[in-house]
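Okay, thanks for making time, everyone. Let me put the thing on the screen and then walk you through it.

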Amino acid sequence: MNPFLSLKHYYEVPKYPAIELRAFTHGLMPRSVPAMMQRFTEDWQQQGVDAWNHIPNHWKSDSSEQVGWWNLPEYLADAFIAPMLGAPAGACILLPNVHAAITSLMTCDHLFRHRKTVVVSADAFPSVLFPIQQWAALYQLEIRLIPTDTDGFCDQDSVYAAIQADTALVFLSHVGFTTSEVLSHTFLREVAKKIHQIGGLLVVDGYHATGAIPTDIDGMEADLYVGGLLKEASGSTGNGYLYIRPGLDLKPRNAGWFADAAPFSFNTSPAWHPTVRRRFMGGTTAIAPLYHAIEGLKILLEVGIDLVRAHTLALTAHAIDHIKALPITLRSPVEPEKRGPMLILEMPHADHMCHYLKKHHIFTDSRKGNLLRLAPFVWNNQTEIDQTFEFIGDTLKSKSYLHTSFQLEGPVT
Ligand SMILES: Cc1ncc(COP(=O)(O)O)c(C=O)c1O
């Protein structure tokens, strides 16, 4: 366990003793966020509409780079998302969410002119799967939805085999949201090579890898990589991102006026912006979320994603040691290289357990009544893992969580 990684002081933590294990949903708020939001209101107050063109560079105060609300989605993506992915400047952009990115991609109907199938692993998140299904119906595409294997993991052989000469796009999750399985760069690269041979594209959803798993976009050879900053990256809502491989020419038909090459020229026929990433912009950008987008990622990049990964692997390994001694089934991979930042545990009445834990200030989440989800992160330590699993062990033994009457709360995102 790395003692250096006790990063609690960078985040707002509850005032009372609590163990926050929900990095997989909405990471803790970085301490710097209130000041950043204050800067948003000050910029608005002091610059008014001119803030679109110029504001102080709150993100890199020692930099002379020109920042304004207009270029913020590109600027922040170049300054923070690109380094996280090992991508060059000009390839990434911040967008409201993954759904917006995938929907825009699916409106690039030229991708489907000669290729009529898309391959999707069934563990794709609904923000990916739903737009694919909707647009595929419109274009009369065949969706090859590859079922997961009996353990719920991506069936890699079947995905690979399903890519045929008529395949336009392959969609894979870098980290599966139902199991936390990590797909290796090696496998993703093999898929990329196969789809490239026939002129199609590989699209990777990296939401649960963002800020948590070292990612080398060149190493995986993905054509598009989407994700968001809400979870481990603690960027809160409204902040997804998209990487587009340089040289790829895409023209999403749902583009808005921010995708116009000359948005202020009263054009009745807008022209495509020469920069491909700008074509994925729709209408006027929601600026306020951009002020909190990067605060968490900045912490993680400064520490180094390798170190973050080593820390979470150590914590989840320690959790697994506890789990082995308890009547709980692990639904996430045991192998470190395949194990993402989240652990999914199967137990009867997991929803009751989740609620009982919450009453005792241990924060997890439950799904489907029998799955407990938790993700220790940079604000957690080994002692908290011990406390959590000792408490779960005692609770399972006493069955006290089953005897408490309560109203189930809704799940978290
Ligand atoms: C794998 C994955 N992709 C995407 C999302 C979020 O999608 P969106 O940004 O459209 O809300 C999530 C959220 O839970 C997710 O787990």
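First, a contact here means heavy atoms within 4.5 Å. On that basis, residues 24 or more positions apart account for 69% of the contacts in the protein chain with a separation of 6 or more.

Now the housekeeping. This is a predicted model, where local features need pLDDT of at least 70 and side-chain atom pairs count only at pLDDT 80 or more, while totals for chains, interfaces and linings use all residues. Residues are numbered from 1 along each chain as its sequence is written, and side-chain values use heavy atoms, with hydrogens and water left out.

Overall shape next. The radius of gyration is taken over C-alpha atoms, and the globule rule is 2.2 Å times the number of residues to the power 0.38. For 413 residues a compact globule would come out near 22 Å, and the protein chain has 22 Å, so the two agree. Along the principal axes, the C-alpha trace spans about 70 × 55 × 40 Å. Of the 413 residues, 54% are buried; that's under 20% relative accessible area, with exposed over 50% and partly exposed in between, using a 1.4 Å probe and protein chains only.

The chain has 13 helices and 13 strands. Those are DSSP runs numbered from the N terminus: helices are H or I with at least four residues, strands are E with at least two.

On to the aromatics. Rings of Phe, Tyr and Trp (its six-membered ring) pair if their centres lie within 6.5 Å; planes under 30 degrees apart are stacked, over 60 edge-to-face, and the rest tilted. Searching the whole structure gives 18 aromatic pairs. Take W52 and W70, which are edge-to-face, 6.0 Å centre to centre with 65° between the planes. Both sit in the loop between α1 (33-47) and α2 (72-85), 18 residues apart. W70 is buried, at 18% relative accessible area.

A charge sits over a ring if NZ of Lys or CZ of Arg is within 6 Å of the ring centre and within 35 degrees of the ring normal. K60 does this over F80, 5.7 Å from the ring centre, and K231 does it over Y207 at 5.2 Å.

K231 turns up again around H208, which touches F24, V175, F177, I213, K231, E232, P341 and M342, not counting residues up to four places away in sequence. H208 lies in the loop between β6 (201-205) and α7 (217-220) and is buried at 6%.

So what covers the two faces of a strand like β13? In a regular strand the side chains alternate between the two faces of the sheet. In β13 (residues 371-374), L371 and R373 on one side and L372 and L374 on the other are all buried, leaving both faces covered. Two strands pair if DSSP finds at least two bridges between them. β10 (residues 343-346) pairs with β13 in the antiparallel sense over four bridges, with I344 opposite R373. β12 (residues 365-367) is also antiparallel to β13, joined by three bridges, and S366 stands opposite L372. β12 and β13 form a hairpin with three residues between them, and K368 in the turn has a positive phi of about 55°.
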